[in-house]
Amino acid sequence: MTRRDHPRPDVTPVDHAELALLLEVASTPKPGNVDRHREYDDLRFEHFLAGAVGSRPGLRMAADADADADADADADADADATPGLGDAFERAVRGMSQQDGDNTQFGCLLLLCPLVRAAATDRLSPSGVASVAEATTVEDAAAFYRAFDHVDVAVGDPPPEADALDVRRGGDAVPTLRDRGLTLADVMALSADRDGNAHEWATGFERTFRAADRVLNDEGPVSDRLARVFLALLAERPDTLVAVEHGEERARAVSRRAAAVQGDLDAAADLADAFHEEGINPGTTADLVAAAAFVALERGVRV
């Protein structure tokens with residue numbers, strides 16, 4: 001389906017990306033995540049709403065070849081050039097961070113930016129988004145690292161040989177990226193075996209598109225569909241963020257608990273309460289839900 005054939009041609013990929021972020025946090029229950037019924041003292045539902053709105057300028061850069069390259073861009077940047085995907089992501093993260101909850105949707109935006117660019121250029125398919133990823137540059141990778149300067153992101157330790165490329169170094173790692181000539185796609189490939197979002201980048205967003213098909217083929221309110229797809233995704237693969245914060249075995253146990261309540265949102269609500277008390281947050285799975293919501297909206301799911 002091209003943008004010209006879209007059932008709602010006046011609704012842009014940027015609109016759908018922002019709506020996907022809002023639907024992700026509004027869907028409930030997604031055990032362990034902030035939603036409209038559950039939140040934390042320092043990370044509230046309203047922070048996610050504000051983060052979604054704040055990310056819009058960066059999402060617009062991802063979609064629009066004529067987008068303003070941002071007033072804070074380097075002075076020697078070509079203002080008429082298509083904004084780099086990394087610059088779009090960094091701008092989206094910077095905007096998202098302008099609320100009191102710090103990091104709300106970093107991983108969601110990492111998935112949404114290439115999907116938005118693919119949709120805006122009539123390439124919203126596994127092969128199309130793979131081509132978007134493959135076209136990234138070293139400067140895109142540099143902007144990705146600079147995005148870590150805006151928020152605290154929980155990530156695992158890199159292999160010893162990749163210490164200089166630890167994303168927690170933020171902009172300080174950029175000289176190493178340039179010395180090694182690593183594009184953003186290269187950086188994602190280095191982490192694909194241990195990070196769920198990097199795995200999507202490296203595989204043409206295979207789980208995202210499968211999850212979107214589940215949403216499309218389901219019935220009922222979209223928020224319920226997304227809650228069900230969250231459980232399915234968490235059941236099929238341990239969550240990266242849970243593994244980082246609690247270890248691999250705990251992450252596998254969390255997936256087993258999700259599998260036990262698949263399809264039963266009442267039981268999932270009880271599990272959500274339990275995860276909340278235990279401090280279990282399957283945030284990478286929530287990122288996939290936002291990405292799947294975007295693809296489903298672009299393919300005709302109506303809200």
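Mentor: The loop that runs between α1 (13–26) and α2 (45–54) contains Pro29. Please bear in mind throughout that this model is predicted.

Trainee: What kind of peptide bond joins Thr28 and Pro29?

Mentor: The omega angle is the value to read. For Thr28 and Pro29 omega is about -5 degrees, and the bond is cis.

Trainee: Which residues is Arg38 in contact with, leaving aside its neighbours within four places in sequence?

Mentor: Arg38 is found in the loop between α1 and α2. Its contacts beyond four places in sequence include Thr28 and Pro29, the two residues of the cis bond. The side chain of Arg38 makes a polar contact of 3.0 Å with that of Asp273.

Trainee: Is Arg38 buried or exposed?

Mentor: The cut-off for buried is under 20% relative accessible area. Arg38 has 13% relative accessibility and therefore counts as buried.

Trainee: How many aromatic pairs are found in the whole structure?

Mentor: The search finds five aromatic pairs. In one of them, the ring centres of Phe144 and Phe148 are 5.2 Å apart and the planes stand at 90 degrees, so this pair is edge-to-face. Phe144 is buried, at 4% relative accessible area, and Phe148 is also buried, at 12%. Both belong to one aromatic cluster, together with Phe89, Phe106 and Tyr145.

Trainee: On which side of α9 do its buried residues lie, and what do they pack against?

Mentor: In α9 (residues 184–191) they are Leu184, Val187 and Met188. These residues cover an arc of only 100 degrees around the axis, and therefore lie on the same side of α9. The buried residues of α9 pack against α5 (106–120), α7 (138–147), α8 (174–180) and α10 (196–202).

Trainee: What lies at the start of α9?

Mentor: A side-chain oxygen of Thr183 comes to within 3.4 Å of the backbone nitrogen of Ala185 there. Thr183 and Ala185 are also among the contacts of Thr136, as are Leu85, Leu184 and Trp201, leaving aside neighbours within four places in sequence. Thr136 is located in the loop between α6 (126–134) and α7. It is buried, with 6% relative accessibility, and a polar atom of its side chain is 2.8 Å from the backbone oxygen of Ala133.

Trainee: What is the phi of Asp102, and what is that of Phe205?

Mentor: Asp102 is not a glycine, yet its phi is positive, about 65 degrees. Phe205, again not a glycine, has a positive phi of about 55 degrees. Both residues lie in loops: Asp102 between α4 (85–96) and α5, and Phe205 between α10 and α11 (206–217). As to accessibility, Asp102 is partly exposed at 31%, whereas Phe205 is buried at 0%.

Trainee: How many disulfides does the count come to?

Mentor: A disulfide is a covalent bond between the sulfur atoms of two cysteines. The test applied here is a pair of cysteine sulfur atoms within 2.5 Å. By this rule the structure has zero disulfides. Cys108 is in no disulfide, and the nearest cysteine sulfur to its own, that of Cys113, is 11 Å away. From the side of Cys113, the closest cysteine sulfur is in Cys108, and 11 Å is too far for a bond. Cys108 is buried, with a relative accessible area of 2%, and Cys113 is buried too, with 1%.

Technical notes. Residues are numbered from 1 along each chain as its sequence is written. This is a predicted model: local features need pLDDT of at least 70, side-chain atom pairs count only at pLDDT 80 or more; totals for chains, interfaces and linings use all residues. Side-chain values use heavy atoms; hydrogens and water are left out. Rings of Phe, Tyr and Trp (its six-membered ring) pair if their centres lie within 6.5 Å; planes under 30 degrees apart count as stacked, over 60 as edge-to-face and the rest as tilted. Buried means under 20% relative accessible area, exposed over 50%, partly exposed in between (1.4 Å probe, protein chains only). Helices (H or I, at least four residues) and strands (E, at least two) are DSSP runs, numbered from the N terminus. The arc is that of the directions from the helix axis to the C-beta atoms. Contact means heavy atoms within 4.5 Å. A polar contact is a pair of N or O atoms within 3.5 Å; within protein, one must be able to donate a hydrogen and the other to accept it, and residues adjacent in sequence count only if both atoms are side-chain atoms.
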